[in-house]
Amino acid sequence: MKIAMIGTGYVGLVSGVCFSDFGHDVTCVDKNPDKIAMLLRGEVPIFEPGLDALMSKNVEAGRLRFTTDLAEAITGAEAVFIAVGTPTRRGDGHADLTYVMAAAEEIARAASEYVVIVTKSTVPVGTNRAVKKVIKKANPNLDFDVASNPEFLREGAAIDDFMKPDRVVVGVQTDRAADVMAAIYRPLYLRDFPIVTTDLESAEMIKYAANAFLATKITFINEIAALCERTGADVKQVSHGIGLDGRIGNKFLHAGPGYGGSCFPKDTRALARIGQDHGLPMQITEKVITVNEEMKRRMIDKLLDLCDGSFNGKTIAILGVTFKPNTDDMRDAPALTIIPALVGGGARVRVTDPQGQREGEALLPGVSWQEDPYKCANKADLLVLLTEWNEFRALDLKRLARKMTSPRMADLRNIYSVKDAKRAGFIAYDSIGRPAYR
Ligand code: NAD
């Protein structure tokens with residue numbers, strides 16, 4: 001099948017590359033000429049494990065192309081996917097649909113034959129119907145259908161998630177569009193996975209409900225962790241104990257510094273806004289947003305405590321700034337709340353991250369970037385483990401402690417323990433929801 005993918009970000013590029021690997025003929029479009037120039041040179045503009053190899057394999061096979069010319073890309077395409085950003089709109093929490101609507105209009109003007117226009121971006125309930133109106137207005141004679149196909153991949157494991165999804169959700173209005181969507185995903189039928197076919201509104205709602213539920217689960221365990229700290233319980237043991245219950249499940253029960261990233265913060269805000277717009281406040285989601293913000297602030301208090309009440313003049317080493325490992329994405333990362341508070345409090349902040357520097361440099365002024373954890377820890381008063389990259393999971397803690405002026409550790413991902421830290425010579429250790437010492 002011939003497919004056009006509008007937007008070559010974390011979702012569009014991965015989806016385009018994977019569809020081409022299924023055997024479809026895919027053209028990826030982006031309005032950012034620098035991105036397309038990189039892609040044409042065979043370079044991947046984002047860090048996503050395995051993407052470069054899969055991309056070059058399919059370019060070489062002649063199934064995958066890149067262009068800035070939307071009209072060229074959609075000529076003869078049976079389906080056009082919109083995978084552009086839907087960030088939070090300034091001021092009101094709403095998902096900003098400017099890019100989606102602009103893409104829809106461009107597609108309408110360029111299309112001339114029957115095509116299914118598929119929204120892969122995360123969009124509020126009712127958006128696909130609005131997209132349909134925009135297209136009809138821009139090109140009244142066009143024969144087309146719209147479809148909602150929300151994406152559930154996780155950055156850092158995106159290819160695997162796309163190739164082996166728990167489910168594919170497709171919202172449609174006609175059998176014809178359902179048939180086109182089924183043909184696109186048919187290569188996946190070899191694996192036994194459910195394709196959930198719904199109406200447009202349900203598909204749109206499924207995506208927000210899923211993300212809000214996951215954000216709630218993380219926030220719930222973070223709040224339990226805070227109570228563990230007050231009561232002497234250990235949240236790792238608590239997570240294990242509740243996660244074995246099949247009704248709860250053990251995923252998304254790792255306590256940490258509060259969720260961040262390109263999806264949970266903006267999607268919870270957008271769901272809260274959808275509720276308000278329909279006169280039905282999403283009270284749980286609204287509370288999750290507030291509690292998560294408090295969690296990030298609690299982290300700053302924790303670090304302040306380890307610095308004896310003042311950041312001024314302290315040297316603080318930060319391991320990891322991306323919102324999670326195996327991505328270079330910094331959007332809404334906890335680092336963006338925590339590090340400015342340290343710099344603002346007068347600390348000298350040294351930072352290391354396997355992939356975060358390219359994005360992070362502009363977002364984190366006043367920090368010094370270091371090659372590795374050991375250089376980062378040099379003469380530091382506090383070491384903060386902020387993102388659980390594999391590189392930070394088996395550190396030589398003795399070597400780190402020896403390099404530091406006053407070896408103290410804030411392990412905000414619960415990788416190490418009091419025992420590990422004491423044995424290595426740290427004079428203080430704190431983590432999330434577990435025993436600490438100082
Ligand atoms: P992104 O910002 O990385 O990429 C969006 C791309 O679209 C950019 O390269 C931009 O230049 C391009 N673009 C915008 N308007 C365009 C136009 N008119 N024509 C051509 N290109 C255009 O965004 P992303 O992280 O890939 O997210 C895309 C959507 O997918 C969002 O709605 C997001 O909520 C959703 N989503 C993201 C993830 C994730 O993990 N990142 C997971 C699931 C769903």
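How many helices and strands are there in the chain? The chain holds 17 helices and 14 strands, both taken as DSSP runs numbered from the N terminus, with helices being H or I of at least four residues and strands being E of at least two. The model is predicted, so that local features need pLDDT of at least 70 and side-chain atom pairs count only at pLDDT 80 or more, whereas totals for chains, interfaces and linings use all residues. Residues are numbered from 1 along each chain as its sequence is written. The average pLDDT of the chain, the predictor's confidence in each residue on a scale from 0 to 100, is 97, and 100% of the residues score at least 70.

Eight strands form an open sheet with mixed pairing in the order β3-β2-β1-β4-β5-β6-β7-β8, where two strands pair if DSSP finds at least two bridges between them. Because β3 (64-67) and β8 (195-198) stand at the edges with a single partner strand each, one side of each is left without a neighbour in the sheet. From one strand to the next, the twist averages 25 degrees, the axes being lines fitted to C-alpha atoms, for helices over the stretch in contact, and the angles running from 0 to 180 degrees between N-to-C directions. Within this sheet, β5 (residues 115-119) pairs with β6 (residues 144-148) in the parallel sense over five bridges, and V146 of β6 is the bridge partner of I117.

Helix α1 (residues 10-22) lies across β1 (2-6), β2 (25-29), β3 and β4 (79-82), at about 165 degrees to β2, contact meaning that C-beta atoms, placed from the backbone, lie within 7 Å.

Key
Two residues are in contact if their C-beta atoms, placed from the backbone, lie within 7 Å.
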